Amino acid sequence: MTNVEMEMQTKIAACIEAMNACNKCYVSSLKEYDLASLRESIKYNREAAEICSFAAAALSRGTVYEKEILSLVVKACEQCANECEKFKHIHCQSSVEACRRCAEVCSSMSMSV
């Protein structure tokens, strides 16, 4: 496997990890007592999950829009992490970690695109 292929697999894996963490946070947040305070978190988790899902699929197909998609992934993951950081729930903190990792991987590696 070439370096480019390994980088692509790393990006895809980071997107899938963030997507899963965001989906779990989204669903878990809907069950929380303080649902109203989690409204923005729920919104950003859903957005980030869908964007990361799309990105993983597009990157695996070898999209010509890699740079633009990665830029959107970074933006969505950073916003989601910033919002989830406000909460102490385990599912929120897991989302923060996965989103930060995804944003880091996709922004640092997107320079080579």
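**Helices, rings and one threonine**

Okay, so this structure holds 0 aromatic pairs, where a pair means rings of Phe, Tyr or Trp (its six-membered ring) with centres within 6.5 Å. Keep in mind that this is a predicted model, where local features need pLDDT of at least 70, side-chain atom pairs count only at 80 or more, and totals for chains, interfaces and linings use all residues. Residues are numbered from 1 along each chain as its sequence is written, and side-chain values use heavy atoms, without hydrogens and water.

Lys43 lies over the face of Tyr44, 5.0 Å from the ring centre, and Arg46 sits over Tyr26 at 5.1 Å. Here "over" means NZ of Lys or CZ of Arg within 6 Å of the centre and within 35 degrees of the ring normal.

Next, the helices, which are DSSP runs of H or I with at least four residues, numbered from the N terminus. Helix α1 (residues 3-30) packs with α3 at about 35°, with the axes 12 Å apart; axes are lines fitted to C-alpha atoms over the stretch in contact, and angles run from 0 to 180 degrees between N-to-C directions.

Last stop: Thr63, in the loop between α2 (39-61) and α3 (66-84). Why does Thr63 count as buried? Because its relative accessibility is 19%, and buried means under 20% with a 1.4 Å probe, protein chains only. Leaving aside neighbours within four places in sequence, Thr63 touches Ala58 and Ile69.

Note on methods: Helices (H or I, at least four residues) and strands (E, at least two) are DSSP runs, numbered from the N terminus. Buried means under 20% relative accessible area, exposed over 50%, partly exposed in between (1.4 Å probe, protein chains only). Contact means heavy atoms within 4.5 Å. Rings of Phe, Tyr and Trp (its six-membered ring) pair if their centres lie within 6.5 Å; planes under 30 degrees apart count as stacked, over 60 as edge-to-face and the rest as tilted.
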